[in-house]
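Let's walk through this structure together, starting from the overall picture and ending at one pair of packed helices.

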Amino acid sequence: MPRPAPTAAPAAPVYPFAALVGQETMKLALLLAAIDPSLGGVLILGERGTAKSTAARGLAELWPGRAGLVTLPLGATEDRVVGSLDLEAAVTSGRLVPEKGLLARADGGVLYVDEVNLLDEHLAALILDAAASGFVRLEREGVSLGYPARFVLIGTMNPEEGQVSPQLLDRFGLAVGVRGERAAAGRKELIRRRLAFEADPEGFRRCWARPQRELAERAARGRAGLSQIRISPEALALAAGLAQEAGAAGQRAELSLVKAARALAAWQGRGLAGRADVRVVAELALAHRRRQLVEATPPPERPGLREPPLAGEAQGPRTTVEPGREADPPSGRSDSGQAWGLERVHQANSSFRLISQDSTRQGGWLKSSGRRLRRETQNGSGRYVRASMERLGREIALDATLRAAAPNQPRRKRTGLSLAVVSSDIREKVKVKATGRLILFLVDASGSMNSLLRMREAKAAVLSLLEEAYRKRDRVGLVSFRGDSAQVLLPPTNSVELANRSLAELPTGGKTPLAQGLVTAHQIVERELARDPKLEPLIVILSDGKPNVPLQAGADPWEEILALCRRLARPGISHLLVDSDWGHYLSFGLCRQMAESLRASYVKLDQLRSEGLVRLISRRAPLRPGKGAS
Amino acid sequence: MTENHPVFPFAALVGQEMMKTALILNIIDPSLSGVLIRGEKGTAKSTAVRGLAELLPELKVAQGCPYNCPPDPRADLCPECRRRWADGEAVEAVKSKVKVVELPVGATEDRVLGTLDLEEAITAGRRSFSPGLLAQANRNILYVDEVNLLDDHLVDILLDSAAMAVNTVEREGISFSHPARFTLVGTMNPEEGELRPQLLDRFGLCVQIAGLDDAASRAEVVRRRLAFEAGPESFARSWRRQGRDLARRLARARRLIKKVRLAEDILDQAVAISLRAGTDGHRADLTMIKAARALAAFEGRREASRQDLFLAARLALPHRVKRRPFEEMVFDLDELLAAWA
């Protein structure tokens, strides 16, 4: 069996940085970071397949010093990140020999994280901690040690896939958005070079050796001259002004900005960094730290698809995808053409525009897209991130168990084994998994006045939520009730195709078996909860609260509903009641009472208009009961 | 892993031409990075992959290497093979059939990536790496049925390895990396959930398959299937010649591909098509070009034609075109290609 190699060194040749086509802003940002590593790293954001990783890996060849580039793989466990005890040394000699983790190995070099937004939160916190202190602490199995870990963080991410916490974001000195080369000539050149590289990597690298060397030398010259470069007072003032204007919290934005301007002057071989330098790098240093005013500007863009303005370019909004149209505003009068009791089929409306809370609060392209929830799992699925002493019957973490046992070996009877393990050594695996929520819509499709609108609203909401589903791993389902029964129109799914098909036609009309609807919805939710007890489902009820079909023949439908609601209200299942009975201003009664019995949040449909159902549901914060009934 | 019972011959598969083409192109140029097969169950996906593997020439591997490293000191090797060559140990070459390594939906991360070797750790107190499925898959075919049902993080890891051709493990006290160069074949039924666009993009080609709809072909499928089940050996024998021809053709294409010329206007068109289709990034054009090149090689030509490119576009674009859910494809590939033809 092979012994582990001391360092993971993939032998695959690296595509030369100098041979990258286009992407000038990204290259500049990376070069500036190589000239002044104290700038604090670069975050590269962009759509898939835009050479983000190729550029980041290529940079390692231009980096000063021998520490080079340490890659943090997505599946890394905590012990490898912060370090741990050397198992072999502990077993064979009983000595506690600490072993450096990736963070300490990256000291003086680059810590490279591909898809930084997919990193486990716990690992992200460890990285942040080390980045902030320049130090990594190891407190394990009776060992307490610290290593220097002054690294520059280089990360890539596709914002469509999820966001990064503001704290982590702030750790990056510069952030740059990339998009695919749009000019045909550039794209052709790119294909040619890529094919040439793949056909003969070493030959290709030889061809580019000279430009590559020149680039490295220029970066080294820039680095050497960095300390001599003066910064004009005007440039300092401008930097301060721009940072303030951007509303960036703290001094880090300003400092990055000034350092980047200085590095730019060094790169261009000038002795003075002026206002022009600050302007060139301003967006690189500020875009990801910008705080926008919350309510002043509605962001109509689909989250994640808007690109940051590149340095030196006009800053007008540039959208790549047309925002979805909002559902029609309420007309305030009922649809007079609709007769009671008639069956109607409503076309699924175009989906809502998606405004998640994050995008409104923090604005812009970076922080806007869906967050995938990562939760600890109990059933053995998911990714092993760390070990725990707590005994909950999870899978045993062998590595951690052996490490815990190792220091005690000299004092234990081994009875022929090379290692004696006792029960207090046992460690269990903590596994996390990205999971989404379950959002179940319960829609009143009875023949009351607003059913058409309600149906459209519900369909649009289902569709919009599903648009986000792939990112957040949410599942959405739809139950409707009309006539004498409730129908499961869409069992919980994240399949766009399935939803599309089952939502195409949605009949309405007839009586209002609200109780049956509630029961059916709860049956579905309970079934899902049995499978995953931590699901935290949300049931969204769209109704005008006028039940007229009781579960038990002869019962008073209204009394029955309230009793049912009280029975169904339980922690672990949230309800949102959307009251579509907007006709009478003073008639809040029925739905309100239902909401109270269910301990549900309550909104009026017309109020929802201004806020948007999707946005309301997208909130991570628990919905407050009774909100919005003014 | 070795199967003694015969595999349904690739050449005997009825219809599903796009799927067969996509698989063949990946064999000719493994850098096409895989095929995603979308469609219902029971459409001979796994049969096709196994049948194709049968036709491939045997690999030369270093004896005893769990990573199937080639017996060649200049190749991309696992640490143990590197050490063996460096220490001047004899490395014996053995032949091995190309395997179809299956990744089950319930696979755990340890199983896929590899993990700490339990036995070695307990008996010798030594830390060593116990290889996983990615090790087995090196230089072979990795088949992931229902890839859309796989845990997200596993898909991330899988596609990362596929893209880098390396499996880097930093977990459970282990720091290890080994070559992981494999042809990835994934299948999914879109009704059971979508794959994230980021992941879709990592599959080089994508085909949509459906059950056959003409009665004659359906009858032929049943007839052949029954014949195979009645006498697998004799059925396989009766298709052996076609299989050999195809194998020879594949071998020729693999040699020829390096010599296939790509005219300027083919590059122009590839770029124009992917700009027009509005795909993200650059993988679309690059894949299209590579697929066209492989098609030309398969046809025994030294120059990629416009027809090659159009067919390549049908394989490389469908999963990369930006579209919003609930809208049918924003652009019509047929229309687009017709405009160029």
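In this predicted model, 58% of the 341 residues of chain B count as buried. How does the radius of gyration of chain B fit with a compact globule, and what value does chain B have? For 341 residues, a compact globule would have a radius of gyration near 20 Å, and the 21 Å of chain B agrees with that.

As for secondary structure, chain B holds 15 helices and 11 strands.

Now let's zoom in on two of those helices. Two packed helices are described by the angle between their axes and by the distance between the axes. Helix α12 of chain B covers residues 264-277, and helix α14 of chain B covers residues 306-316. The two pack at an angle of about 25°, and their axes lie 10 Å apart. Because angles under 35 degrees count as roughly parallel, α12(B) is roughly parallel to α14(B). Their crossing is right-handed.

Which residues bring α12(B) and α14(B) together? From α12(B) come Ile266(B), Gln269(B), Ala270(B) and Ile273(B), and they meet Arg306(B), Leu309(B) and Phe310(B) in α14(B). Sorted by class, this contact of α12(B) with α14(B) has five nonpolar residues, one polar and one charged.

Methods: Residues numbered from 1 in each chain as written. Chains lettered and ligands numbered in written order. Predicted model: local features only at pLDDT ≥ 70, side-chain atom pairs only at ≥ 80, totals over all residues. Heavy atoms only, no water. Axes fitted to C-alpha atoms, helices over the stretch in contact; angles between N-to-C directions. Helix = DSSP H or I, 4+ residues; strand = E, 2+ residues; numbered from the N terminus. Parallel < 35°, antiparallel > 145°, perpendicular 65-115°, else oblique. Left-handed = near helix turned anticlockwise from the far one by under 90°. Contact = heavy atoms within 4.5 Å. Nonpolar A, V, L, I, M, F, W, Y, C, P; charged D, E, K, R; others polar. Rg over C-alpha atoms; globule rule 2.2 N^0.38 Å. Buried < 20%, exposed > 50% of the residue type's maximum accessible area, 1.4 Å probe, protein only.
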